[in-house]
Amino acid sequence: MAGGAPTAAAVRRRTNGSPAAKHGNGATNGSHKNGHSEAPRRRGLVIAGVAAAAILLRGLNTPGAAIYGKNNKATAAVLRSAKTFRGAKRRGPLTGVDAEALLQASQALIPAFDSYGPLLSRAARADLTGNVRKLRKAGMGPGVRDVGTVVLADPDYAHVHGPTMALFWLNRILQQVAGTFEELLKTDAADVVKSATKAYLRTTAPYNLAWQRRVGKLLLKVTPNRENLIRCYGQPDFAHLAPVFEQWLRDSKATREAIDEFYRQRPAIAPKVRWKGKSLGN
């Protein structure tokens, strides 16, 4: 009847002739004409999808993982520094550290410090850039395959503006940066100021005078907090920022350790430890 409910026979005719009835539509029995169900295949696709997602997420914190925010100035600076450090360490009788690569890799970090605010930017430019300039003035640059050769030619190891002190302090800065990154990577909620302070106490404070430690304490207090640090690097969260820090740590490690070892083997030219405190106080 027009406009009425279809008869049972009509329903059977429509159903029996439809592709869904012949091949299975998943809404009824999901069977193919050969009798095999699609359900296992679909479960397999779901499992494969979950596994792929897990691999991608895990890859964020592994070597070679995709790194985000490369257009951000701070992130780009750290990655540029890391890339330059890759070519800095070679075989050599003293440190094996190429002078030009070291200076360029160190100077490349400045835009990252700039993102932390004007006080930390000025401090980095005074200390890091200042030591780079001293080393260039002493003859380090293109053609110097081992920074140790310039240091051993220094007529006055103790001169504050000479290459011996400049290389030592430049590496202290690099080790302090490394120490801060390492502390931040230890837990998912590491406090930035506490992490930076621990790194300073371990790497630089022992060689500082009292007034220098007071200045260091003030600068540490204006270090960006965790949320602002992530924002400085243009990252959505710390999980995306972590690979940036890890990349720099891996690529700079050989250079930092080689320079440290150079001074350890030559205590006569290395600055003496002046302080063994464990806290900067409140």
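His240 lies in helix α13; helices here are DSSP runs of H or I with at least four residues, strands are runs of E with at least two, and both are numbered from the N terminus. The model is a predicted one, so to speak of local features a pLDDT of at least 70 is needed, side-chain atom pairs count only at pLDDT 80 or more, and totals for chains, interfaces and linings use all residues. Residues are numbered from 1 along each chain as its sequence is written, and side-chain values use heavy atoms, with hydrogens and water left out.

Back to His240: with 16% relative accessibility, His240 counts as buried. Buried means under 20% relative accessible area, exposed means over 50%, and partly exposed is what falls in between, using a 1.4 Å probe and protein chains only. The side chain of His240 also makes a polar contact of 2.6 Å with the side chain of Asp237. Such a contact is a pair of N or O atoms within 3.5 Å; within protein, one must be able to donate a hydrogen and the other to accept it, and residues adjacent in sequence count only if both atoms are side-chain atoms.

Zooming out, the protein has 13 helices and 0 strands. Buried residues make up 45% of its 282 residues. The accessible surface comes to about 16,000 Å², and 57% of that belongs to carbon and sulfur atoms; these areas come from the Shrake-Rupley method with a 1.4 Å probe, and for residues only the protein chains shown count as cover. As for contacts (heavy atoms within 4.5 Å), 67% of those with a separation of 6 or more join residues 24 or more positions apart.

Helix α5 (residues 99-107) is mostly covered, with 7 of its 9 residues buried. The cover over those buried residues includes α4 (73-86), α6 (110-114), α7 (118-137), α8 (147-152), α9 (163-186) and α13 (238-264). At the start of α5, a side-chain oxygen of Asp98 comes to within 3.3 Å of the backbone nitrogen of Glu100.

One of the buried residues of α5 is Leu102, and this residue turns up again in the largest nonpolar core. A nonpolar core is a set of buried Ala, Val, Leu, Ile, Met, Phe, Trp, Tyr and Cys residues joined through side-chain atoms within 4.5 Å. The largest has 61 residues, and Leu102, Tyr233, Trp248 and Tyr263 have the most contacts inside it. Helix α9 gives the most to this core, with 12 residues. Not counting residues up to four places away in sequence, Leu102 touches a list of residues including Phe85, Val97, Leu170 and Ile259. There is also a second, separate core of 7 residues, with Leu201 and Leu280 among them.

Next comes α7, whose 20 residues should span 28 Å at 1.5 Å a residue; the end C-alpha atoms are 27 Å apart, which agrees. (The expected span is 1.5 Å times one less than the number of residues.) Helix α7 bends by about 25° at Gly130, the bend being the angle between axes fitted to the seven residues ending there and the seven starting there. Its buried residues pack against α5, α6, α9 and α11 (210-221). After α7 comes Gly139, with a positive phi near 110°.

In the loop between α7 and α8 sits Gly141, which is buried with a relative accessible area of 4%. Leaving aside neighbours within four places in sequence, Gly141 is in contact with Ala99, Glu100 and Arg136.
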